[in-house]
There are 2 protein chains.
Amino acid sequence: MNFDLVILGAGSGGYEAGLYAYRRGMRVAFVEISPQTVGGSCLNRGCIPSKYMRHGAYLLEKLRKGENYGILLKGLELNPHKLAEGRDRVVSTIRENFKKFAEKLGIQIFYGKGVLKDTNTVSVEGKEIKANYILLATGSSCTSLGNLKPDGKKIFDTDSIWSLREFPRRMLIIGGGAVGVEFAYIYRMYGVDVILVELMDRLLPYPSIPEESSRYLARKLKRLGVDVRLKTSVLSYSDEGVLRVNLSDGSTVDVDCILLGVGRKPNTEGIGLEDVGIERDGRGFVKVNEHCQTSVENIYACGDITSPLMLAHKAMYEGKVAVSHMLGDTEWARDESLMPKVIYSAYEVASVGLTEDQAEEEGYDYHVGIVSFMSNPKAMDDGEDEGFVRLIVDRATGRILGCHILGPHAGELLHQVMHLMKAGIDVKFLASAVFSHPSLSESVVQSAMEVYYGPMTWIKRG
Amino acid sequence: MNFDLVILGAGSGGYEAGLYAYRRGMRVAFVEISPQTVGGSCLNRGCIPSKYMRHGAYLLEKLRKGENYGILLKGLELNPHKLAEGRDRVVSTIRENFKKFAEKLGIQIFYGKGVLKDTNTVSVEGKEIKANYILLATGSSCTSLGNLKPDGKKIFDTDSIWSLREFPRRMLIIGGGAVGVEFAYIYRMYGVDVILVELMDRLLPYPSIPEESSRYLARKLKRLGVDVRLKTSVLSYSDEGVLRVNLSDGSTVDVDCILLGVGRKPNTEGIGLEDVGIERDGRGFVKVNEHCQTSVENIYACGDITSPLMLAHKAMYEGKVAVSHMLGDTEWARDESLMPKVIYSAYEVASVGLTEDQAEEEGYDYHVGIVSFMSNPKAMDDGEDEGFVRLIVDRATGRILGCHILGPHAGELLHQVMHLMKAGIDVKFLASAVFSHPSLSESVVQSAMEVYYGPMTWIKRG
C-alpha cells in the first residue's frame with residue numbers, strides 16, 4: 001500500500017492535516033488505535049465533551065439571573081444522566097461523521113498501533129504501509145501525580161472523568177490549570193461542593209495569561225461557592241469510605257472523589273522514533289523546525305508531541321503547516337506566539353501574544369488599552385457585564401503585542417485581534433475599525449481607541 | 001459661549017463623535033432635547049432595550065433544550081413587569097452614566113431644540129452657541145402607515161412599544177424588517193400569539209441580506225409558532241374591543257394590539273438647514289461627501305440623517321469620520337459598503353458587503369464558501385448548530401466581497417471578516433488563519449478554506 005502521506009493519529013491535528021492534504025491532492029491514509037479513538041483526546045476525552053458540560057453550567061448560571069428577564073423558575077431538577085447522554089451524543093455524532101466523511105472521500109483509516117519501520121514505512125497490525133511522507137500526530141496522555149493513581153471509581157483523570165455519571169456531593173480537584181478551573185465551574189454549577197487546590201499562587205498559572213485574568217476568575221469561582229485554595233497541595237489521603245485528604249494548608253477534607261487536572265505527557269514512546277533517527281528533547285517532545293519537519297526530512301510532527309503547548313488548534317495548525325511544506329509552500333510556519341489560549345470556566349478567558357509582564361521582560365515600551373465590559377451595552381443587555389479587554393501595543397511601532405479578553409464570548413472575540421496580529425496590522429487600524437452596535441466587539445475596538453485617544457467609555461476598569 | 005465643535009443630538013452618532021473630538025483635543029458641546037433623550041433612539045427606544053428583551057427570549061429558547069444538559073424545569077412563570085424593569089434599568093444606567101461622564105470631562109450639554117442661526121451659531125432655548133464646526137446628528141423618527149396611527153394603547157410603534165407592560169394574548173406585527181422579526185421573536189418566546197405580516201415576498205427584504213438568511217429565519221420563526229405571512233398587507237381595521245384587522249390575503253384576524261415595524265424619517269425639519277444653505281436630497285436626507293461634510297464647509301452630518309441606512313454604528317462611524325476631517329485627517333471615509341447589518345431575532349443574522357446576487361449584478365466572477373454550523377463542534381456543544389457562514393470572494397483578486405453569517409453570535413463573528421475586508425486582506429490570508437478549537441470562528445476560517453480547497457467539514461449545507 002503506497003500513499004503520499006500516512007498520518008499516525010486521527011486526532012485534531014492528524015484529521016485536519018489529512019483532510020487538508022486530501023484537498024490539496026495527496027493520497028492520504030490514517031493510522032489510529034481503534035474506531036473509538038478517532039478524533040483523539042480533544043474529541044473523545046477533552047475539549048468537546050467538557051465544553052458541552054460547561055455550556056450546561058453556563059445555562060445554570062444564566063438562570064440565576066432569569067428574574068431580571070421576567071423568567072421565574074418554579075423549581076429545577078438536575079439530572080446527571082441526561083447531561084452525560086447529551087454530551088456523549090455530540091461526541092459520537094462528530095466521531096462517526098468524521099469516519100463517514102473520510103470514507104466518502106476515499107481516505108483509508110488503518111486501525112491499530114502504528115510503528116515506524118523505516119523512514120517511509122509504518123507498520124500496523126502486521127501490515128506495512130508505505131508513504132512518501134509521514135506525519136506524526138500521536139497526541140498525549142494523562143500523567144498521574146505521586147501516589148494518586150486514577151482508578152476511575154473515586155479518583156479520576158481527564159481520561160476517566162467521563163464515566164462519572166452521578167453528581168458527587170463533594171469533590172476535590174487538584175490543579176488550577178485549564179482543566180481544573182473548567183471542571184470546578186461545571187460541577188459547582190451542577191450543585192457539587194468543589195474544593196480546588198493549586199500549588200502556585202494563582203489559578204491558570206501560565207506566563208501567557210495575565211494575573212488579572214487569574215484574579216478575576218478566582219474571585220468569581222469563590223463567589224459561586226468553589227473553595228479555591230492557592231499555594232496548596234495534597235500531602236496524603238486515605239479511603240475511609242469517603243476519601244480523607246490531608247492538604248498542605250494543615251486541613252483535612254473529606255470528599256467523595258478526586259479529579260486530577262494535572263500533567264500530560266507526549267505519546268512518543270513505542271512508535272519507533274529512535275529506530276528511524278527522530279530526535280526528541282529531554283522531556284520527550286519531538287524536535288521540529290518551523291515547518292514541523294523532524295530530524296528526518298520526510299517525517300513531520302504536529303500537536304501535543306511537539307511542545308508542552310497542548311492545544312487542539314495548535315495541532316490543527318501545525319498539521320497544515322506540515323502538509324503545506326510537503327507540497328513546497330514555505331509561507332506557513334509554526335508560531336506558538338500566535339496561538340490563542342482559551343479557557344472556558346466561570347468566565348471565558350482568552351489570551352494571545354504577550355502579557356504586560358512578558359512585554360516588560362522583552363524590553364518593550366508598551367501602551368495598554370483596557371476596556372471593561374461593565375460599560376458595554378450588549379454585555380449589559382445580556383447580563384454579562386463582567387470582564388475586560390486588554391490590548392498591549394508596542395509604543396514604537398504600533399504593533400499589537402498581545403490581547404487578553406476575559407468575559408462573554410471572549411474566545412470568539414479574540415479572533416478579530418488574532419487575525420490582525422498575524423497580518424501585521426497595527427493598532428491604528430483597529431482604532432479606526434468599524435464595529436456593530438451594540439456588540440461585544442465594540443469593546444475590542446475601544447481598547448485600541450483607548451491606546452490612541454484615552455477611554456471612550458464611561459467606566460475604566462482593569 | 002465659544003466651542004470648537006457643537007453637536008446637535010447626543011445620540012449614538014453625536015455622543016461617539018463628541019467623545020472622540022474631546023479626546024482629540026477639541027472643546028465640545030452637545031445640544032440635546034432633554035436629559036431623558038440623551039443617548040438617542042438607539043439607547044432609549046431602539047437597539048439597547050430591544051436587545052435586552054431579545055436576550056430574555058433567547059434564554060427562554062435555550063431553556064427548551066435544558067433537558068439535553070440535564071436541566072429539568074418544574075415550571076416557569078413569565079413576568080412582564082420584571083422584564084420591563086430590568087430593561088429600563090439598563091437603559092437608564094447607560095444614559096445617566098453618559099451624562100456623568102460628559103460632565104466629568106467638562107463637556108457641556110445644552111438642553112432644548114437646537115436650531116442653526118448661521119454657519120457658526122446654534123440657538124437653543126434663547127441661548128446662542130458659537131462654534132468653529134457644527135455636527136448635525138439629529139437622528140430619525142418613526143413614521144406611521146396610512147390610517148394606522150400609533151396611540152400607545154393598542155397601536156404601537158417603536159417609540160411607544162416600551163410602555164406595553166403586559167404580554168398581550170395576540171399581537172399583529174406589521175413589517176418583516178429588522179424591527180418586525182426582532183419583536184416577533186421576543187413576544188413569541190414570551191408566550192404571545194404573534195402574526196407577522198410583510199408586504200414583500202421575504203422577511204428582511206433588503207438587497208444587502210441574502211435570501212437564504214430570510215428563508216432560514218422565516219422557517220425558524222414559523223417553527224416557534226409565529227404566524228408569518230408574506231406578500232400580505234393590512235387593508236383596514238376596526239376596534240371592536242379587540243382590533244379586527246382585514247388582511248390582503250382575505251383573512252380577518254382579531255388581535256389585542258398592533259406593532260408598526262415600518263419606516264423612519266430623518267429629523268431634518270425645523271432645525272434651520274435651509275437658512276444656512278445645507279442641501280438635502282428629495283427624501284429629506286442631508287447631502288454629505290465622503291468626509292461627512294455638508295454643502296456648508298464647516299458643518300458636518302452623521303447617522304440617520306445622511307441616508308436610509310439607519311444604524312447606530314453607521315452614525316458612530318460617520319461621527320468619527322467627520323471629526324477626523326475637521327482635524328485634517330483624510331484617511332477616514334464614509335463607506336456604507338463596509339457597514340455591517342446585524343439583526344437579532346430567532347437567529348442572529350449578520351451581513352457585510354455584497355450578497356451573491358449583488359456580486360452577480362456588479363459583474364464579478366465569484367466563489368462562495370459555505371460552511372454550516374451543523375458540523376461545528378462548539379455550536380453542537382452549545383446546542384445551537386443551525387445556520388451558516390457564506391463568504392463571497394472575487395475570483396480574480398481573492399478579495400472578500402461579502403460575508404453573511406446566520407447563527408450563534410453571528411454579530412460578533414462577523415467582525416473578524418469586517419476588519420480583514422476593510423484592511424483589504426484577501427481570502428488566502430483568512431484560509432491560512434489560526435483559529436481556536438473548538439470555536440464558532442472555526443467555521444469562518446473554514447469558509448475561506450472551502451473557497452481554496454473544498455469543504456473541510458463533514459456537512460456541507462447552505
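**View 1. Ser351(B) has His404(B) as its bridge partner in strand S24 of chain B.** The model is predicted: local features need pLDDT of at least 70, side-chain atom pairs count only at pLDDT 80 or more, and totals for chains, interfaces and linings use all residues. Residues are numbered from 1 along each chain as its sequence is written, while chains are lettered from A and ligands numbered from 1 in the order in which they are written. Helices (H or I, at least four residues) and strands (E, at least two) are DSSP runs, numbered from the N terminus; two strands pair if DSSP finds at least two bridges between them. Strand S21 (residues 348-353) of chain B runs antiparallel to S24(B), joined by 6 bridges. Strand S23 (residues 388-394) of chain B is likewise antiparallel to S24(B), with 6 bridges, and Val389(B) is partnered there by Ile405(B). S23(B) and S24(B) form a hairpin with 5 residues between them, and Gly398(B) in the turn has a positive phi of about 80°. Of the 8 residues of S24(B) (residues 400-407), 8 are buried, a residue being buried if 20 or more other C-beta atoms, placed from the backbone, lie within 10 Å of its own, exposed if 12 or fewer, and partly exposed in between.

**View 2. Leu414(B) lies in helix H11 of chain B.** Leu414(B) counts as buried because it has 28 C-beta neighbours inside 10 Å. Not counting residues up to four places away in sequence, Leu414(B) touches Ser436(A) of the other chain, and in its own chain Pro340(B), Val342(B), Ala350(B), Val352(B), Cys403(B) and Ile405(B). Two residues are in contact if their C-beta atoms, placed from the backbone, lie within 7 Å.

**View 3. The contact between the chains takes 82 residues from chain B and 82 residues from chain A.** Helix H11 (residues 410-423) of chain B gives the most to the side of chain B that touches chain A, with 11 residues. That side has 44 nonpolar, 24 polar and 14 charged residues; Ala, Val, Leu, Ile, Met, Phe, Trp, Tyr, Cys and Pro count as nonpolar, Asp, Glu, Lys and Arg as charged, and the others, Gly among them, as polar. Strand S3 (residues 71-73) of chain A and strand S4 (residues 76-78) of chain B run antiparallel, joined by 3 bridges, and Leu73(A) has Leu76(B) as its bridge partner.

View 4. The same surface serves both copies, as 100% of the contact residues of chain B recur in chain A.

**View 5. In chain A, strand S22 (residues 366-372) pairs with strand S23 (residues 388-394) in the antiparallel sense over 7 bridges.** His367(A) stands opposite Val393(A) in S23(A). Of the 7 residues of S22(A), 5 are buried, so the strand is largely enclosed by the rest of the structure.
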